[in-house]
Amino acid sequence: MAGKPPTSDPAQDAPQVGAPQHSAVGIPAITHALKISQQQMGVRRTALTLLRVNQKNGFDCPGCAWPEDDKRHTAEFCENGAKAVAEEATLRRVTPDFFATHPVTDLATRSGYWLGQQGRLTHPMYLPEGADHYEPITWDHAFDLIAEELTALTSPDEAVFYTSGRTSNEAAFLYQLFAREYGTNNLPDCSNMCHESSGSALTDTLGVGKGSVLLEDLYKADLIIVAGQNPGTNHPRMLTALEKAKTNGAKIISINPLPEAGLERFKNPQTPRGLAGGGTALTDLFLQVRIGGDQALFRALNRRILEEAKTTPGILDDDFIRQHTHGFEDFATLATADEDWDETLRATGLTRDEIERALTMVLASQRTIVCWAMGLTQHKHSVPTIQEVVNFLLLRGNIGRPGAGVCPVRGHSNVQGDRTMGIFERPAPALLDALEKEFGFTPPRHHGYDVVRAIRALRDGHAKVFFAMGGNFVSATPDTHVTEAAIRRARLTVHVSTKLNRSHAVTGARALILPTLGRTERDRQTRPDGTSTDQFVTVEDSMGMVHASRGRLEPASPHLLSEPAIVARLARRTLGDRSNTPWETFENDYATIRDRIARVIPGFEDFNTKIAHPGGFTLPHAPRDSRSFPTTTGKANFTATPVQYPTAPEGRLLLQTLRSHDQYNTTIYGLDDRYRGIKNGRRVILVHPDDAHQLGFPDGSYADLVSEWTDGSERRAPGFRVVHYPTARGCAAAYYPETNVLVPLDHTADTSNTPASKSLVVRLETAHND
């Protein structure tokens, strides 16, 4: 029956394991997507909703940020996109009666999967100090409580304003504006935990912290390198682009510690060959790199390119290097001096022949793109790794050329747009200057807290109010026990949410849940004259395209407010007469927000006119558009950094945390990982059979995972089934958020401060309940 949630929490400690698959999507993906959609939404609602996903007159998928072609398929969504839409457009409801039945102590024992399956939140809810049940509260009273706490703080920097990637451009702009008028730059966001390393590396080397390629560049490329990324699960629509690139003659190199089904073979559900045939083999060369060995691999390729250039003219793009780059000589000296092949093979886990085969493909390509995701960004040495990728592209002029460039594939829809709108704890002076000129207040200039520093501040009593615009902060962050204890020290925690998650069960002394509209829902605002108009919002995809998003479903409850309305009302209640910003006008008409964005954010000039164009518009990107580089040197910077890679002592493994296929970020859609052969469970650890035998763990045995940190401390995640799996030797993998408990708060990437969740030293101990 559509809309009926599970009544009990299913067991997750007895996973069933089969053989991993070697192809992705096809008929099973369609079947699974429709099954979940119809369970959550019913047949008619499923058809009405899915046909509007990612359409020019529809709504942007609340899942990943992969862009769309100008010409779009009728079914412009993937399996995981359908799951994301189904969870938002579900007929299931979480009403005040639910909270009366389920105390917070009960919710804290439930799995993230069970919580998410209960449905949409319908009313603002309040947890008084000392209480165990949320109770209904009016919106006015809720805003009064928040304003009361904020105005009582000794300093504005005692408040933290977190943002999830699903927040629209309009809401994000208002949110950062409110925080800065209030007086703080404490604006951590989910970028701090995923692609912050990309932004840091690209800003220093190219002057722009975003990717330089557009979708059509993939179709023009000779070679596409996909490193540290699993498109089959995390960005399935990327597989369609890779298939088109292959059809146009591109070669693909995949670099990953795990074989990934989507990169092996893609069965496109939009084509007869994909549905009934064998699909398309995507990867031409699979380099099964050891965890964290990517910098060593790209350094080896760069060294070999420089060596070949000594005897073969045209290997390097000498004109590009001379005219547009800085630091080449220092980089070349370091790279050619580093000739220890034994060290390279130890770091990468590859053979010399594999690296030479990759070099042959690189030298045959005139247009090369490198794509990456969190497999590169969540290590201590992530920034130097991505800088080495930039070195690799600069050597042959593959920046600012059609069919070439850097392509960090960001995850959550509009996570890139949030940063563009100013959600950043270290704002550029130019942004603050523009805000001061436009709104007539003096923004704070000192840096605020990122995610890790915010947790420390809450832990140490330096922050007392935590406000989250979306997301599931408790489950997304590292060092789970430390994070939860830190959150519980807050005086007030507030979450703007569409559905239940664990962060609602781990609270400060007082807590609020503020239910908001989803992407799928009609957003109708009433003007002061009493007329009502439908509003739309905008988002920026992973390649810098900005487009509109319009929901059509009736809201899940009449008690929901949009995110812009929540921010505007909170600002009016908190700032009062000291703010001259027209918050009420912004709430009533989002076009007025876009007018202000146009005057503050570069690239958004004449925003309302541009966004009226079907499909939106492309933001400028200086390295791509004109081969100009707004760096400190005025050129693209080569980087000379010693090679680093993680190591594990004898009897230990390097663990990476990752998603299952039935998962998006911390949202768990189900308990299966179809492509990896896992069913009905999540507490599994994937280990190479030879490593498992050497450690004494047969396939199907159970182990406690113990991470070992440099200060001698340990963290434990109990009761994981050991699955013999073809990972890179010495490496292992397990799902988050279950393994976030193993990630020390201080285990972060240099420069970016991103939690280094992809390179944990762990040992396996026989589970106590085995």
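Colleague: At 22% relative accessibility, what does Arg 522 count as?
Modeller: This is a predicted model, with local features needing pLDDT of at least 70 and side-chain atom pairs pLDDT 80 or more, while totals for chains, interfaces and linings use all residues. Residues are numbered from 1 along each chain as its sequence is written, and side-chain values use heavy atoms, without hydrogens and water. Buried means under 20% relative accessible area, exposed over 50%, and partly exposed in between (1.4 Å probe, protein chains only). At 22%, Arg 522 counts as partly exposed.

Colleague: Which side chain does Arg 522 meet in a salt bridge?
Modeller: A salt bridge here is a side-chain nitrogen of Lys or Arg within 4 Å of a carboxyl oxygen of Asp or Glu. For Arg 522 the N to O distance is 3.4 Å. The partner is Glu 554.

Colleague: How many residues apart in sequence are the parts that Arg 522 and Glu 554 tie together?
Modeller: Helices (H or I, at least four residues) and strands (E, at least two) are DSSP runs, numbered from the N terminus. Arg 522 sits in the loop between strand 18 (510-515) and strand 19 (523-526). Glu 554 sits in the loop between strand 22 (545-549) and helix 27 (563-575), so the pair ties together parts separated in sequence by 32 residues.

Colleague: Is Glu 554 buried or exposed?
Modeller: Look at the relative accessible area, which is 53%. Glu 554 is therefore exposed.

Colleague: Where do Arg 346 and Glu 343 both lie?
Modeller: Arg 346 forms a salt bridge with Glu 343, with the closest N and O atoms 2.4 Å apart. Arg 346 is partly exposed at 48% relative accessibility, and Glu 343 is partly exposed at 29%. The two are three residues apart, about one turn of the helix, and both lie in helix 18 (residues 341-348).

Colleague: How many salt bridges does the structure hold?
Modeller: Arg 346 with Glu 343 is one of them. Arg 522 with Glu 554 is another. The structure holds 55.

Colleague: Are Arg 682 and Glu 738 buried or exposed?
Modeller: Their side chains meet in a salt bridge of 2.6 Å, N to O. Arg 682 lies in the loop between strand 28 (678-679) and strand 29, and Glu 738 in the loop between strand 32 and strand 33 (760-766), so the pair ties together parts 56 residues apart in sequence. Arg 682 and Glu 738 are both buried.

Colleague: What is the bridge partner of Val 687 in strand 32?
Modeller: Strands 25-32-29-31-30-33 form a closed barrel with mixed pairing, where two strands pair if DSSP finds at least two bridges between them. Strand 29 (residues 684-687) and strand 32 (residues 731-735) run antiparallel, joined by three bridges. In strand 32, the partner of Val 687 is Ala 732.

Colleague: Which helix gives the largest share of the nonpolar patch?
Modeller: The patch, about 290 Å², is made by Ile 27, Ile 30, Leu 34 and Leu 275. Patch residues have over 30% relative accessible area and no salt bridge; like charges are joined within 9 Å, nonpolar side chains (Val, Leu, Ile, Met, Phe, Trp, Tyr) within 5 Å, and areas come from the Shrake-Rupley method with a 1.4 Å probe. Ile 30 has a relative accessible area of 32%. The largest share, three residues, comes from helix 1.

Colleague: What separates the C-alpha atoms of Ala 276 and Leu 177?
Modeller: Ala 276 is in helix 14 (residues 272-276). Ala 276 is exposed, at 73% relative accessible area. Leu 177 is 99 residues away along the chain, and the C-alpha separation is 52 Å.
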